There are 4 protein chains.
Amino acid sequence: MIYSFKNDYSEGVHPRILDVLKQTNLEQHEGYGEDRYCSEAIRLLRHKIQNPSADIHFIPGGTQTNAIVIPSILKPYESVVSTSTGHITTHEAGAIEHAGHKIHCVPGRDGKLSCKSIQSVLSVHNDEHMVKPKLVYISDATETGTLYKKQELETLSRFCRSEGLFLYLDGARIGSALCSQDNDMTLAQLSELVDVFYIGGTKNGAMLGEAVIIMNDSLKENFRFHLKQKGALLAKSRIFGLQFLELFKDDLFFKLAEHANKMASKLSQHIENMGYTFLTPSTTNQIFPIFKQDMIDCLSKKYGFYVWEKLDDQYSAVRLVTSWATREQAVDRFIEDLEAIS
Amino acid sequence: MIYSFKNDYSEGVHPRILDVLKQTNLEQHEGYGEDRYCSEAIRLLRHKIQNPSADIHFIPGGTQTNAIVIPSILKPYESVVSTSTGHITTHEAGAIEHAGHKIHCVPGRDGKLSCKSIQSVLSVHNDEHMVKPKLVYISDATETGTLYKKQELETLSRFCRSEGLFLYLDGARIGSALCSQDNDMTLAQLSELVDVFYIGGTKNGAMLGEAVIIMNDSLKENFRFHLKQKGALLAKSRIFGLQFLELFKDDLFFKLAEHANKMASKLSQHIENMGYTFLTPSTTNQIFPIFKQDMIDCLSKKYGFYVWEKLDDQYSAVRLVTSWATREQAVDRFIEDLEAIS
Amino acid sequence: MIYSFKNDYSEGVHPRILDVLKQTNLEQHEGYGEDRYCSEAIRLLRHKIQNPSADIHFIPGGTQTNAIVIPSILKPYESVVSTSTGHITTHEAGAIEHAGHKIHCVPGRDGKLSCKSIQSVLSVHNDEHMVKPKLVYISDATETGTLYKKQELETLSRFCRSEGLFLYLDGARIGSALCSQDNDMTLAQLSELVDVFYIGGTKNGAMLGEAVIIMNDSLKENFRFHLKQKGALLAKSRIFGLQFLELFKDDLFFKLAEHANKMASKLSQHIENMGYTFLTPSTTNQIFPIFKQDMIDCLSKKYGFYVWEKLDDQYSAVRLVTSWATREQAVDRFIEDLEAIS
Amino acid sequence: MIYSFKNDYSEGVHPRILDVLKQTNLEQHEGYGEDRYCSEAIRLLRHKIQNPSADIHFIPGGTQTNAIVIPSILKPYESVVSTSTGHITTHEAGAIEHAGHKIHCVPGRDGKLSCKSIQSVLSVHNDEHMVKPKLVYISDATETGTLYKKQELETLSRFCRSEGLFLYLDGARIGSALCSQDNDMTLAQLSELVDVFYIGGTKNGAMLGEAVIIMNDSLKENFRFHLKQKGALLAKSRIFGLQFLELFKDDLFFKLAEHANKMASKLSQHIENMGYTFLTPSTTNQIFPIFKQDMIDCLSKKYGFYVWEKLDDQYSAVRLVTSWATREQAVDRFIEDLEAIS
């Protein structure tokens, strides 16, 4: 029996969510986001970010969220700046270009974007023979498990505002970022620094659903038209409201992320203690230890994970992902097995 | 307390689906459609339509399904023919045009499309200064509750094939159509007559999910790229597989539709017996009785429903929708209340 | 030898334009609309419409103009209202839908749009499940040779402004409209009543080129990006500047249109005197007399023209188009030939 | 008086073209590519490439050509590989992404693409979470003045065919490439090695117009629909036919390119003799000498040219472009002036 560290969506949904779906199942509600539970969840999330006028919408998945939010912000000739590891440029089947927008890929540092990189794009785009960079896309946690410290995000935010750029934060793993031992920001503080962001439910205990939060007033108008046109308004939208209510009414969302981080941290500490190095200094729920090929082959017989990057003929970085559902005894067993072959 | 006949997605999900979600919840599975339950559901659906090579995919909602399937079939200069009441042209926020394709709206008869109407479009589109009609869109059941008889669908199918047109059937309410007292087709027979169709889960007991079934080999290639690019591949795709397995393993799907139809039929028979007329001769789960405005006002105090079409200063057609979850006592109460004010 | 009344672009270009191209041919100029002649032509056109701040750009052809202007105005979920004979909906190969926007086709009266028709679209589009009508498209002269009187355009303009709709006038044949005996508007007066319009060069003596004039400040920003992205910025843009300068520096543009109208008028008066009727009451350079099939066959041996609409088994309306280049003796000969067979 | 070496479209059109426009001016012809001169030009071009079944179309400009050809070839999820200096990725305002397709930018060598670079893209794109690379875009001459030798193009062609990729050659400056002293291919040989290419008229003596030549049968179907939908069918299409007939009937096209190359070669030889180096080893009509800033300032007073790339605080590469219209005495004067300040 193989235990999977492949990703944070291998299991179903946190049991409390199943319970609440069952309790409310035969109630009759409006659909397409106009049900009572969506309204309550929006109210609760506004409270969490201390912003009563934020515009909040629920979308089934992350790629769809990016493919709706980004084009809703940009004019046809405007473009996006991202690191070359950004999810929108690597693993969304060209959804952003399909919607008409160029992505400028710039090198990141541990998956994070710097003002200097953005500036390098701005400085060569200065007339109508080229696109016009207008949006900065970042992920927190990043695709390689790192996170933005408060000061880093403040610097980016200030830079974007001074340059007339919108800042959009992909929060597919925002729970893990905010619960990292390295984090020094609250959700409310983070929200103040961006124009739009989303809180990922799918990868932190929900069945499906991402909560888009629009902070900048100029981007709020008629957003539901975009949702409908892109097929993101679900008839039984109550399931979004119910899930986010349950996840946030007593901070279950953060407790789940803490568990995931704790499991990743246990893994990485033991792996480090055994003398292995890592591709990136992750303190979230994705870690990237570097192993020899024969060890990878051996571990693959009992554990599921992806080889993330081949470094040379002998060594590769693998990706181990933990989640709200990761069992500690599986972590312990992995550590034991690794020690046995080290 | 208002009882809603507004639509067939007011309640949650059939309880057996909640049970199966719970039983399998902590199992680890692949995501994005590659889980075991999706594979099993696909196998089961292929068996139901007696076609082992049909290409089957699951998509969260109906608008998204249409917005993926139609553009996947058409070249940029090709267009769609639909009745003027077709869902794609009225209630999808321009999703098809957003994806680049003109819809030719032709008059329907009780919401159904005729070869003659299609021919009228073909005969005036004959050079590259105009679009090229290439796809015929129909719904079964239609938006006004009617359905295609076997011979009608055969005629349409033959016409489309002879004219080099693809035929796509929107099955958001295919369950109700196939369980109507007027129906004379099996699911398998219907499937043979179209190039692509979908089986709507959302409106017949699922939480979300539509099963797209591609019959025509030439339309199967690389369909998953379209799904991913349009944000329709969900990480926890297992929920689609589990739902469709549960709905089809013992024909629960059809039993739910039968209940919905029975409730609608009870309503319409009594309404007809009281002397009222209907906008369309529906035998599915949507009926459109014509009432006076004062009656509508009166009924609105106790029941939820939409006024579908204002016919004159005094009369309007209302839409009453039943579902797998409609309670018979609510139907009885409605009939009594209507009799009381008739 | 067949003489063509098929359209107003059968011949090349007014000889004065060839002369000016020759005189300036070896001068070195900037490209992509930044040459001196474009600047001068813009200045001249601004003077003609008495608006020093209008934004003016040149685009090779009419379909491309519509396909750039309309999407530059609309958000993805917004739509266009047009008569069902509008050029954008009939003869542009779906260019507007290809760019993502639905066109609402409403019946026109002699090819002209009424406020009532627009209102009928507005009144049924009221939530995000549908597109949002935002732009009204008209042609002057219309596709069937009629034109908007000042009061008609004022009424439309007032209506659009009160409803928050943009008004765009396709002026492919604006010269002929403004020089019609029925016209009661100046170019400057017309310009005040619309948000954007274009002056068609191609069909009135130019080799190619349409001058887009943006009156509404909110639609001016970064328009050149749209031009470049859609391939409408030509390297040797001087040819646009030179042509429009030559056409407008001494009202050659209007003299050419007057000639075209005079030729059409001569045709229609004689045809009317012979007892024939017309499909529309045109006073521009396109007329639509109704002839019997055998007469059409006979005339076709000596003249080129399109059969516009088959009215019944015996009669059809044909389209006769005159231009700046139409020779009066050809008109006289047509009249004689028609009299001979009448 | 400043003499411009800014580009190859500063002057108008070769005088023989003006003559032929004048001679044929009052002839009546069909429009939209169906005139006699377009047919004759197509026949002549087919003869020049020794392929009687090539599909040939005329398009006003280069950006529009790329924006029509590339999307006509690709499915929505397919992408393009280009060098990072490719015109489509740098100077077309995002036209290809606007049409929905990602461009993979890989490093080039002197602006040229290698199989290894293409392979590096292929090897990381292997499932539907990513786009599917399907088209290779090259320019000949390249954006930095270099050209593909016969063997280089054969190697690329073979690689593309073996990998199922289409090969498209942007020939905005194909005349200069084929007339370079380094060239070892005929137009016919080149045509055999690609799926589609275009012969650029604008930058080699035409007023406007590029001839798209589709070699691969599978890409020919219904191409005129794409042209119309993107606004590239001009009413007075005769001007394309007339120009290409005149340019190719006695190889005027190649003579003009030879003149441009000869002028560039004279410039580069003298510049090299004076001890300067170049950014790239160009043997076409664009050269990129490296000068000190003070020399650039000095030359700028008498000559127009672009600073192409700042190399360090002191040195920059400038771009000098010659054309069919470049006067040899201007070249001589430039050389003298450069010698004077060297």
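Begin in chain B by selecting residues 78-83, strand β3, and residues 132-139, strand β5, which run parallel and are joined by four bridges. Helices and strands are DSSP runs (H or I over at least four residues for helices, E over at least two for strands), numbered from the N terminus, and two strands count as paired if DSSP finds at least two bridges between them. Within this pair, B:Ser79 stands opposite B:Pro133 of β5(B).

Before going further, note that this is a predicted model, in which local features need pLDDT of at least 70 and side-chain atom pairs count only at pLDDT 80 or more, while totals for chains, interfaces and linings use all residues. Residues are numbered from 1 along each chain as its sequence is written, and chains are lettered from A and ligands numbered from 1 in the order in which they are written.

**The sheet of chain B**

Contact here means that the C-beta atoms of two residues, placed from the backbone, lie within 7 Å; axes are lines fitted to C-alpha atoms, for helices over the stretch in contact, and angles run from 0 to 180 degrees between N-to-C directions.

Move to chain C and select β2(C) together with strand β8, residues 210-214, which pair in the antiparallel sense over five bridges. In this pair, C:His57 stands opposite C:Val212 of β8(C). Where does helix α6 of chain C lie? Select residues 115-122 and follow the helix across β3 (78-83), β4 and β5 (132-139) of chain C, running at about 130° to β4(C).

**Two domains in chain A**

Next, colour chain A by domain, with domain 1 covering 3-9 + 253-341 and domain 2 covering 15-252; these bounds come from an automatic or database domain assignment. The C-alpha centres of the two domains of chain A lie 27 Å apart, and 21 residues of domain 1 are in contact with 24 residues of domain 2. On the domain 1 side, the elements that give two or more residues are α12 (252-273) and β9 (286-287) of chain A, and the largest share, eight residues, comes from α12(A). By class, this side has 11 nonpolar, seven polar and three charged residues, where Ala, Val, Leu, Ile, Met, Phe, Trp, Tyr, Cys and Pro count as nonpolar, Asp, Glu, Lys and Arg as charged, and the others, Gly among them, as polar.

**Where the chains meet**

Show chains C and D together and select their contact, which takes 39 residues from chain C and 38 residues from chain D. On the chain C side, α1 (15-23), α3 (62-73), α5 (95-98), α10 (223-229) and α11 (238-248) each supply at least two residues, and the largest share, four residues, comes from α1(C). The residues of this side divide into 17 nonpolar, 17 polar and five charged. Because 97% of the interface residues of chain C are also interface residues in chain D, the copies meet through the same surface.

Finally, show chains A and D, where 16 residues of chain A are in contact with 16 residues of chain D. The chain A side divides into five nonpolar, eight polar and three charged residues. A rotation of 180° with 0.0 Å of shift along its axis superposes chain A on chain D, with an RMSD of 0.0 Å, the superposition being made by least squares on the C-alpha atoms of residues with pLDDT of at least 70 in both copies. The two copies are thus related as by a two-fold rotation axis.
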